[in-house]
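Here's a quick briefing to read alongside the model. Have a look at the fold first, then we'll go through the packing and the charged pairs.

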Amino acid sequence: KMGPLGVGRVPGPTPWFCLTEQGGAGRRGGSRRGHLAAAAGGVGLRGRSFGAMPTPASAAGGASGGYGRSRWACCVLPLLGPLRRRSTGTATDAAEPQAGAWASWMLLMNFVAYTSLYFARKPLSVVKVAMQDSLGISTGTLASIETAFLAMYAAGQIALPALVSRFAAKQLLVAGYLAAGAACAAFGLVQSPSLLVGLWALNGLAQSICYPLHIKVLSSWFPSERRGRAMSLWATSAQVGGVASVALAAWALGAFGWRGAVVVPALVAAVAGLMMAAFLVEEPESVGLTNQMALSSSPGSGTSSGEVESYSLGKVLRIPRIASLMVAYFFVKVLRYVLMLWLPFFLVRHCGMSTGLAAMMSCVFDGAGAFGVLATGALSDLVPVFRGRRTLLAAAQCALLAPALFALPAVSAASHGGAVLIVALVGFLIAGPEAMLGSASAVDCCEAAGRGREAIGPAAGLVNAAGSVGAAMQGTLTACAAAWFGWGSLFKVLGCISALCVPALLNVARPVKRPSSAPRIVKLL
């Protein structure tokens, strides 16, 4: 039923997302207070007024909440309810629906964009055999192409602090996506081995800046108590992108050959760059909302003149707990990439599995990892002991992962059912720390040290650079461990590496000591 001013009357409390054409819904019974809130462009709910949904008109200061976006809110936003801040009845709740809708929209856009980036990364794994047969290049050249990508990926993240101080995150993201798409497309058009190596290295350099900059953008839209779930949901874009890009590349390989299997997916990454250029909103302030990092950062985190503070490599390393987080992430990445790249090989060669069954085990590993990422994000937000100390949860997962890795060879050789369970457990335990340490935990370190949001991009980039070095070194480490101790003992070495992560993660979880001017007697009390 429609009341005066187009305010919908509902039996019972009005849901927060029920907006009408006039931009608001009155309180039960259509009272005058609810009508006034609706006329002002808000949602009246038991005497409190809330802001309207984000629309071009409202972002520009218009009074109307907008009819088209309100329909979208009624359909989509209830599904994202867990990521919405709970109402406290204070004045800051006035813009809650608008902030929640914008945050959900930015999360969706960053998810789609980073999913698209994998279309410029994964096709090489699909076309290696066809490319080798067509061009006559050696296996060593293929290995050089992969190594060049990983090396430049790590180098780009180390150089990121200098770029962040000169350019906006949105500009760098758009440039990175367009450059990655162009380099990947050009890779599918050349024949020279040196050009193949150079173009794939350029692709790695372009992609290196994207992950930490996505983290910087998302951290401005989600407060600490919801950041774990938001970041973990976004991190599953890696799994989605890996599956979707491989499927597209496999189809294009059959339809157009290996060159088409590289060029066609590259276009998806380029389109994602254009999408962000048109629709990505980097700062909530630009649409009249509060930056969530500004709520939790120290007031003195910027420069005294109000200018944006720049962060050099040395300055980022001096942020408390960042060095320990880098060490932990290095080892976690070694574990993740060894298991991802060598587990099927080990199961075929040393456990007697067929190639098809080993491939299925790889899918089990990735699928369990996706659930592990989501569970880790939810637990880090909802369990009080982990709030602001997410690395405690990662330390517990690494402690459980160590005995699971010790048991994996024996359990996998004993039965196929046991292999499925142990591989799923290992995938579940390793994926959560990998996704959380390079994203939400890096932001937490900056917040705990009282650093402004300008530190997030460089800090996340440096932590991810340490992880990229671990990913690049995993091949050498795997070969050395297998040669020195044998493939049967490789997983014991991995178990020891997992145990080494625990003290580093516990060190990150320790509270940062802040200088205090309180008398000593007060501190003792």
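Are arginine 390 and aspartate 381 buried or exposed? Both arginine 390 and aspartate 381 are buried, where buried means under 20% relative accessible area, exposed over 50% and partly exposed in between (1.4 Å probe, protein chains only). Keep in mind that this is a predicted model, where local features need pLDDT of at least 70, side-chain atom pairs count only at pLDDT 80 or more, and totals for chains, interfaces and linings use all residues. Residues are numbered from 1 along each chain as its sequence is written, and side-chain values use heavy atoms, with hydrogens and water left out.

**Overall**
- The chain has 21 helices and two strands (DSSP runs, H or I of at least four residues for helices and E of at least two for strands, numbered from the N terminus).
- Of its 525 residues, 52% are buried.

**Salt bridges**
- The whole structure holds six salt bridges, each a side-chain nitrogen of Lys or Arg within 4 Å of a carboxyl oxygen of Asp or Glu.
- Arginine 390 pairs with aspartate 381, with the closest N and O atoms 2.9 Å apart.
- Through shared partners, Arg229, Asp381, Arg390 and Asp444 join into one network.
- Glutamate 434 and lysine 333 also form a salt bridge, at 3.0 Å from N to O.
- Lysine 128 bridges to glutamate 146, with the closest N and O atoms 3.0 Å apart.
- Here lysine 128 is partly exposed at 27%, and glutamate 146 is partly exposed at 25%.
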